[in-house]
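Subject: Structure handover

Hello,

Here is the structure you are taking over. Please open it alongside this email and follow the notes below.

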Amino acid sequence: MELLYTGKTKNVYALESGNYLLKFKDDCTGKDGVFDPGENSVGLTIEGVGDVNLRMSIYFFEKINAAGIRTHYVSADLANTTMEVLPAKVFGKGLEVICRNKAVGSFYRRYGEYIESGADLPSYVETTFKNDAKGDPLVTKDALVCLGVMTAEQYDAIKAQTQQITKIVADDLAQKGLVLYDIKFEFGYDANGNVMLIDEIASGNMRVYKDGEYIDPMTLSKLFFNQQ
């Protein structure tokens, strides 16, 4: 295998088949030894994090694939904490897609004078460029098209799939007494321009509450798998 990229929480290898292999690590983003999925640098190592992130990703990718939504997921090897995925190009230099069911976090900080904290949102979708130096700036559909990052049709496909996938995740969590407030995804596209969900679906990518209290990602992973 050829190492292509060393990431904060995963390494990426090229396989002879043309697919890629993601190696999940126990490194976590954070600061001063405290786990924080919103940080942009590795702050600590927690044994078993890579395993639970892979397990949750497998669980949801299989559900999403079964629903007929295109993803990059092919298979996984829990013994080696790896996931085989289809090749995909990222949009621009990296794009994050957030789906919000509740007005919290940066959404509320931006628009708090117009809405109450925790108010319901209709699976609101927003996109941000992955750029640490600029604070992951928001970008609209029109801007994405004007900049040549994607076509209008690709944007519409991303929005529709984001809302479909969010419902799958939210419905599953609801069965466990958990409420999904918002979730972050990454999308790419194949050689034919078809949009697909990429990266991972793990507790660090979602904001979840139980009985009105925020559940941190590590606790969420434990709750999720204890109730499977």
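Which residue in strand 13 is the bridge partner of V97? The residue is F185. Please keep in mind that this is a predicted model.

Strand 10

Strand 10 covers residues 95–102. Eight of its eight residues are buried, so the strand counts as mostly covered. Strand 10 has two pairings to look at. With strand 11 (residues 120–129), strand 10 runs antiparallel, and seven bridges join the two. Within that pairing, E96 stands opposite T128 of strand 11. With strand 13 (residues 179–189), the pairing is also antiparallel, over five bridges. The V97 and F185 pair asked about above belongs to strand 13's side of the picture.

V125 in strand 11

V125 is part of strand 11. Is V125 buried or exposed? Its relative accessibility is 12%, and the cut-off for buried is under 20%, so V125 counts as buried. V125 touches V97, I98 and C99, and also K159, T162 and Q163, leaving aside residues up to four places away in sequence. V125 and N101 are 24 residues apart in sequence, while their C-alpha atoms are 9.3 Å apart in space.

The nonpolar core

The largest nonpolar core has 42 residues, and F187 and M206 touch the most other members. Helix 4 (residues 152–174) gives the most to this core, with seven residues. In soluble globular proteins, nonpolar side chains tend to be buried together.

What does F187 touch? Not counting residues up to four places away in sequence, its contacts include V90, F91, V97, I158, Q161, T162 and I165. V195, M196, L197 and I198 are also among the residues that F187 touches.

Cysteines

The count of disulfides is zero. Where do C99 and C146 stand? C99 is buried, with a relative accessible area of 0%. C146 is exposed: its relative accessible area is 69%, and exposed means over 50%.

T82 in strand 8

T82 lies in strand 8, which covers residues 82–85. T82 has a relative accessibility of 9%, which is under 20%, so T82 is buried. Leaving out residues up to four places away in sequence, T82 touches L21, L22, K23, L54, A76 and D77.

Regards

Notes: Residues numbered from 1 in each chain as written. Predicted model: local features only at pLDDT ≥ 70, side-chain atom pairs only at ≥ 80, totals over all residues. Heavy atoms only, no water. Core = buried A, V, L, I, M, F, W, Y, C linked by side-chain atoms within 4.5 Å. Buried < 20%, exposed > 50% of the residue type's maximum accessible area, 1.4 Å probe, protein only. Helix = DSSP H or I, 4+ residues; strand = E, 2+ residues; numbered from the N terminus. Contact = heavy atoms within 4.5 Å. Pairing = 2+ DSSP bridges. Disulfide = S-S within 2.5 Å.
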